[in-house]
Amino acid sequence: MKHDLSERIRLSERIKEITLALVEQRSVVETVDEIAVSDKVYEIMSQMDYYKKHPEKLYFVPVEKDRWGRKIVVAILNGEKTKSKKTVAFIGHTDTVGTSDYGLLSEYATKPYELVEKLKELPLNQEVLDDIESGKYLFGRGIFDMKSGVAIVMAMMEEISKDIEDFEGNIVFAAVCDEEGSSKGMLTFVPELIRLKRKFGYDYQAMLDPDYIAPAYPEDTNVYQYVGTVGKLMPTFLAVGKESHVGESFSGLDPNKILSEITGRINLNPRYSDVVDGEVTLPPVTLKQRDLKPEYSVQIANKAVVYYNYATHCSTPDEVIAKMVKVGAQSFHTVINRLNERYEIFCKMSGRKFEPLPWKERTLSYKELYALVREEVGPELDEKVRAYAERISHHQKVNVRRQTMKVVEYVHSLWSDKEPVLIVYLTPPYYPHIYVEGSRPKDKALIDALDYAVSTTECDYNLVQKKFLPCISDLSYAAAPREEGAIQGLKDNMPGFGIVYDLPLDEMAELDLPVADIGSYGKDAHQFTERVETVYSFEVLPGIIYKTMKKLLEG
Ligand SMILES: [Zn+2]
């Protein structure tokens with residue numbers, strides 16, 4: 001891939017052409033359209049002379065036990081200049097979020113040129129109007145997140161394949177499905193990469209993902225490249241209180257009250273933000289909080305559950321569990337004290353004799369609960385829980401988050417102790433963070449390669465490198481957490497792990513790759529004004545990706 005102007009323009013035209021072809025094919029996550037877009041990628045790539053000559057290097061891998069029968073497309077390029085085993089892995093997701101946000105324009109969401117005309121008829125904010133006016137933007141569902149990124153990799157591979165005798169090293173690319181859902185495409189690609197490594201001896205250098213890059217805040221004019229990615233956990237509290245009739249409310253213990261106290265302490269509290277290299281995670285935020293009483297009745301609920309989105313740059317599952325057990329215990333304690341104070345006042349007001357309420361603070365991690373129940377039930381608990389998790393995992397109508405909670409409830413139900421207790425566990429999914437610190441050779445090589453690519457790129461954009469892609473993505477699965485105790489902490493505290501929810505942790509650990517998101521620039525992903533800025537994305541970015549990759553393969 002040469003870099004004179006005419007070549008560059010030809011490549012950018014080709015990227016645009018492929019982008020439009022991919023956008024035209026609807027591919028909303030968790031629909032059969034995801035299969036059609038995989039077929040589209042395959043069809044475009046199979047027209048390359050290289051794949052006509054080497055059809056075995058372009059193939060599908062089905063997602064195991066998938067309801068929709070989805071598949072990923074794998075394309076391999078083997079440079080012929082030397083016999084190098086160095087390999088760069090690329091991913092790009094071909095699914096998109098739904099199109100209901102387009103309202104009446106939904107049918108135009110996949111037709112960028114018609115869509116922009118329709119958008120002009122709507123009352124839009126000035127920034128969107130200016131962007132339309134500039135002529136630099138293309139609108140459409142998935143055009144920014146991230147079909148333009150997929151198109152860049154495809155066009156780049158096409159270009160390289162024409163001079164494959166002059167190319168050193170290897171590329172393994174997967175167009176993956178389900179990124180907006182449960183990352184099943186990426187989780188299918190990880191074991192495939194290991195299989196290829198065993199078969200061909202590929203020495204993977206890094207995983208690159210040209211997923212969308214948005215401004216970090218309004219008026220932000222930087223264009224970012226991220227080396228590394230944020231992680232995500234969902235710490236969960238199941239509070240078991242004491243039900244009572246509302247007519248005797250002080251004789252019950254309302255689990256909602258305990259959870260409210262916890263939420264008050266955790267929700268959007270920067271004390272729980274991870275800070276690494278000056279980059280700060282967003283603090284935890286509530287994703288669900290409810291009691292488990294199915295009906296309306298004049299009874300205080302017996303159980304309630306809350307879980308939080310918890311972003312990580314450095315905290316591991318075991319550390320998060322430990323922090324949550326601590327704040328859970330403090331909250332439980334506060335609630336008991338406050339209830340006693342209020343009860344005492346109430347007794348005084350109504351002339352009753354005050355006796356302290358019977359509640360005792362008890363907060364257990366799932367691992368601790370399990371150990372207590374196992375002491376009572378015996379080692380056969382393991383088989384019981386396994387069988388229960390197996391059964392519940394087949395319930396299509398119960399989602400994986402509820403299935404996990406059901407396992408906790410099941411273990412608790414086998415315990416003879418029915419007194420109030422707060423149980424802390426992890427709800428799926430889990431996305432490990434990847435911190436590319438720079439002391440390990442492959443980490444440093446990736447940082448240096450991107451530095452080189454950026455510093456040798458002349459453009460009118462303010463290019464800025466950061467350590468953590470702020471949104472969770474498939475990149476999380478390119479490595480397993482290396483911190484001691486992290487994986488065990490996950491397995492111990494995510495009920496039903498391996499049955500209800502699973503990750504290819506051994507393969508992730510074996511891959512152990514540094515990652516980077518060097519992707520299309522644009523605005524408003526997941527909104528009907530989603531748009532890609534084509535000057536950077538189609539003309540500048542391909543060069544940055546190409547140079548980064550080339551440096552990794554040759555450097
Ligand atoms: Zn994306």
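**Proline 429.** I looked up proline 429 and found it in the loop between strand E15 (421–426) and strand E16 (434–435). Strands here are DSSP runs of at least two residues (E), helices are runs of at least four (H or I), and both are numbered from the N terminus. A cis peptide bond joins proline 428 and proline 429, with omega at about 5°.

**Ground rules.** I note that this is a predicted model, where local features need pLDDT of at least 70, side-chain atom pairs count only at pLDDT 80 or more, and totals for chains, interfaces and linings use all residues. Residues are numbered from 1 along each chain as its sequence is written.

**Another cis bond.** I also found a cis peptide bond between aspartate 145 and methionine 146, with omega at about -10°. Methionine 146 is found in helix H6.

**H6 against H16.** Staying with that helix, I checked its packing: H6 (residues 143–162) and H16 (residues 534–554) meet at an angle of about 60°, with axes 10 Å apart. Axes are lines fitted to C-alpha atoms, for helices over the stretch in contact, and angles run from 0 to 180 degrees between N-to-C directions. H6 and H16 are therefore oblique to each other (under 35 degrees is roughly parallel, over 145 roughly antiparallel, 65 to 115 roughly perpendicular, the rest oblique). On the H6 side the contact is made by Ser148, Ile152 and Met156, and on the H16 side by Ser537, Leu541, Pro542, Ile545 and Tyr546. Contact asks for C-beta atoms, placed from the backbone, within 7 Å.

**Positive phi.** I next looked up glutamate 30, whose phi is near 60°, a positive value in a residue other than glycine. Glutamate 30 sits in the loop between helix H1 (5–24) and helix H2 (33–46). With 18 other C-beta atoms within 10 Å, glutamate 30 is partly exposed (20 or more would be buried, 12 or fewer exposed, and in between partly exposed, with C-beta atoms placed from the backbone). Lysine 65 has phi near 45°, again positive in a residue other than glycine. I placed lysine 65 in the loop between strand E1 (58–62) and strand E2 (71–78). Lysine 65 is exposed, with 6 other C-beta atoms within 10 Å.

**Valine 246.** My last stop was valine 246, in the loop between strand E9 (235–240) and helix H8 (255–266). Valine 246 is exposed, as 10 other C-beta atoms lie within 10 Å. Leaving out residues up to four places away in sequence, valine 246 touches Val298 and Ile300.

Technical notes. Contact = placed C-beta atoms within 7 Å.
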